[in-house]
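Q: I am new to this structure and would like to learn how to read it. Could we go through it feature by feature?

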Amino acid sequence: MARVDRLKTVFVDEIPEILEDGILYVSEECRVALHNCACGCGEEVSTPLVRTEYRLTIEGDAASIWPSIGNHDFACASHYVIKQGEILWAGKMSRGAIEAGRERDRRLKRPPAPKPLPSRIPAPKPGQPFANALVKRTLDWIVDVWRKLFG
Ligand SMILES: [Zn+2]
């Protein structure tokens, strides 16, 4: 296990059980790319290729992945960018930068605002004396207040 500075891109249909160091496995079917952490620690790095996660671009057989790979949850805490198959080592991210990145993820992943629920208050129907009485009392009260204020 040694640090690698390049990743070879290999397209696969299914993700192999054991990943080899220095290889970026891309499964378009599963919309994911996987590689062993480039520092050589042996941790598996999974980069989901969905809009809110990572973007993969292939030029020739060299892959670029954006944004940067930040393995803050691994002991090595390595942080790098994969650009045209090359590992560009980035400095360790500060806590603040990590939190900012996570906050950005949260914003992107937040589902669209839910549609307003249909009103649960049933419209008064004829033949419902209680509801009608309640509505009438409420209307009377509003009229009363209105008169007091503006009458
Ligand atoms: Zn590592």
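Q: Is Val45 buried or exposed, and why?
A: This is a predicted model, and the call rests on counting neighbours. A residue counts as buried if 20 or more other C-beta atoms lie within 10 Å of its own. Val45 has 20 other C-beta atoms within 10 Å, so Val45 is buried.

Q: Where does Val45 sit, and which residues does Val45 touch?
A: Val45 belongs to strand β4, which covers residues 44-48. Leaving out residues up to four places away in sequence, Val45 touches Leu34, His35, Cys37, Ile69 and Asn71. A distance can also be read from the model: the C-alpha atoms of Val45 and Ala33 are 8.3 Å apart, with the two residues 12 apart along the chain.

Q: How many residues of the protein chain are buried, as a share?
A: Of the 151 residues in the protein chain, 13% are buried.

Q: What does the nonpolar core look like, and which residues touch the most other members?
A: In soluble globular proteins, nonpolar side chains tend to be buried together. Here the largest nonpolar core has 15 residues, and Leu24, Ala63 and Ile82 touch the most other members. At least two residues of this core come from each of β2 (23-27), β6 and β7. Take Leu24 as a case: setting aside neighbours within four places in sequence, its contacts are Leu7, Lys8, Thr9, Val10, Ala33, His35, Ala63 and Ile82.

Q: How many helices and strands are there, and in what pattern?
A: The protein chain has 2 helices and 8 strands. Along the sequence they follow the pattern β-β-β-β-β-β-β-β-α-α.

Q: In what order do the strands of the open sheet stand?
A: Strands of a sheet pair through backbone hydrogen bonds, either parallel or antiparallel. In this structure an open sheet of 4 strands has the order β5-β6-β7-β8, and the pairing is antiparallel. β5 and β8 (86-89) are at the edges with a single partner strand each, so one side of each has no neighbour in the sheet. On average, neighbouring strands of this sheet are turned by 25° against each other, direction ignored.

Q: How many bridges join β6 to β5, and how many join β6 to β7?
A: β5 (residues 55-59) pairs with β6 (residues 62-70) over 5 bridges, in the antiparallel sense. Among the bridge partners, Thr57 goes with Ser64, and Arg55 goes with Trp66. The pairing of β6 with β7 (residues 79-83) is also antiparallel and has 3 bridges. There, Ile65 has Ile82 as its bridge partner.

Q: What lies between β5 and β6 in their hairpin?
A: There are 2 residues between the strands, and Gly60 takes a positive phi near 65° in this hairpin.

Q: What share of contacts joins residues at least 24 apart?
A: Taking contacts between residues at least 6 apart in sequence, 34% join residues at least 24 apart.

Conventions: Residues are numbered from 1 along each chain as its sequence is written. This is a predicted model: local features need pLDDT of at least 70, side-chain atom pairs count only at pLDDT 80 or more; totals for chains, interfaces and linings use all residues. A residue is buried if 20 or more other C-beta atoms lie within 10 Å of its own, exposed if 12 or fewer, and partly exposed in between; C-beta atoms are placed from the backbone. Two residues are in contact if their C-beta atoms, placed from the backbone, lie within 7 Å. Two strands pair if DSSP finds at least two bridges between them. Axes are lines fitted to C-alpha atoms, for helices over the stretch in contact, and angles run from 0 to 180 degrees between N-to-C directions. A nonpolar core is a set of buried Ala, Val, Leu, Ile, Met, Phe, Trp, Tyr and Cys residues joined through C-beta atoms within 7 Å.
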